[in-house]
Amino acid sequence: MLKIIIKAHKKDVQYGNPHFFVLNKGINSGKPQKEPFTNSFVLIFQNESDAENHFNVAYSLWNSKFWRPYLVGYPILFLRIEYFKMEFYTQAKSIMDEFEEHVKKVAAIKLAKLREEQYHKNIAIINEAKRERVFWYYKKKGL
């Protein structure tokens with residue numbers, strides 16, 4: 001049985017085992033990240049492969065807006081740790097039961113992320129070329 005430790009992250013605490021963080025406050029609650037958020041849960045695993053697989057599960061749950069019905073509070077929304085633990089365990093178990101399909105979906109998500117990053121780099125290059133062209137034009141006109 002896979003052991004996952006889920007607890008509230010405290011500032012300046014260092015974790016030895018593989019881990020990642022999940023935002024628990026705001027409209028983006030449930031968003032996973034490798035670096036800690038100010039308001040976050042930490043998920044600690046026994047090995048790196050489990051952490052990576054569950055990071056992708058958490059990312060897909062966040063991306064599909066799975067956590068929205070579990071947000072409470074007004075005006076600042078937040079995700080309670082009890083709700084998160086209960087639902088994350090359930091969803092992760094159901095996704096991991098179909099592990100081969102999960103691996104294919106994760107590969108597709110990683111490819112989409114890679115293409116998105118390349119797209120943003122290309123847009124930045126195009127914008128830089130436009131700025132240089134405009135600068136060259138005005139410099140030539142003496143303005």
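This note goes through the predicted model point by point, from the whole chain to single residues.

1. Basis of the note. The model is predicted, with local features requiring pLDDT of at least 70 and side-chain atom pairs counted only at pLDDT 80 or more, while totals for chains, interfaces and linings use all residues. Residues are numbered from 1 along each chain as its sequence is written, and side-chain values use heavy atoms, with hydrogens and water left out.

2. Overall layout. The protein chain contains 3 helices and 6 strands, where helices (H or I, at least four residues) and strands (E, at least two) are DSSP runs numbered from the N terminus. Their order along the sequence is β-β-β-β-α-β-β-α-α. The radius of gyration, taken over C-alpha atoms, is compared here with a globule rule of 2.2 Å times the number of residues to the power 0.38. The value for the protein chain is 21 Å, well over the 15 Å that the rule gives for 143 residues, so the chain is more spread out than a compact globule. Along its principal axes, the C-alpha trace spans about 70 × 40 × 30 Å.

3. Buried residues account for 29% of the 143 residues; buried means under 20% relative accessible area, exposed over 50%, and partly exposed in between, with a 1.4 Å probe and protein chains only. Taking contact to mean heavy atoms within 4.5 Å, 63% of the contacts between residues at least 6 apart in sequence join residues at least 24 apart.

4. The nonpolar cores. A nonpolar core is a set of buried Ala, Val, Leu, Ile, Met, Phe, Trp, Tyr and Cys residues joined through side-chain atoms within 4.5 Å. The largest one has 19 residues, and Ile6, Phe20, Leu43, Phe84 and Phe88 touch the most other members. Two or more residues come from each of strand S2 (19-23), strand S4 (40-44), helix H1 (48-63) and helix H2 (81-97), with H1 giving the most, 5 residues. A second, separate core of 6 residues includes Tyr15, Leu23, Phe37 and Val42. Leu43, when its neighbours within four places in sequence are left aside, is in contact with Ile4, Ile5, Ile6, Pro18, His19, Phe20, Val22, Phe84 and Phe88.

5. Helix H1. H1 has 16 residues and reaches 22 Å from its first C-alpha to its last, close to the 22 Å expected at 1.5 Å a residue, the expected span being 1.5 Å times one less than the number of residues. Its buried residues are Asp50, Ala51, Asn53, His54, Phe55, Asn56, Val57, Ala58, Tyr59, Leu61 and Trp62.

6. Helix H2. The 17 residues of H2 should span 24 Å at 1.5 Å a residue, and its end C-alpha atoms are 24 Å apart, which agrees. Phe84, Glu87, Phe88, Ala92 and Met96 are the buried residues of H2. Seen down the helix axis, these buried residues fall within an arc of 150°, so they line one face of H2; the arc is that of the directions from the helix axis to the C-beta atoms. The face turned away from the buried side carries the exposed residues Glu82, Lys93 and Asp97.

7. Helix H3. Phe135 is found in helix H3 (residues 99-141) and is exposed, with a relative accessible area of 58%. Phe135 and Asn56 are 79 residues apart in sequence and 44 Å apart in space, C-alpha to C-alpha.

8. Backbone points to check by eye. The peptide bond from Tyr74 to Pro75 is cis, with omega near 0°, and Pro75 is found in the loop between strand S5 (71-72) and strand S6 (78-79). Asp12, which is not a glycine, has a positive phi of about 65°; Asp12 is found in the loop between strand S1 (5-8) and S2 and is exposed, at a relative accessible area of 68%. Lys65, which follows H1, also has a positive phi, near 60°. Lys65 is placed in the loop between H1 and S5 and counts as partly exposed at 48% relative accessibility.

9. A buried loop residue. Asn24 lies in the loop between S2 and strand S3 (32-33), yet counts as buried at 14% relative accessibility. Apart from neighbours within four places in sequence, Asn24 is in contact with Ser29, Asn39, Ser40, Phe41, Phe78 and Leu79.
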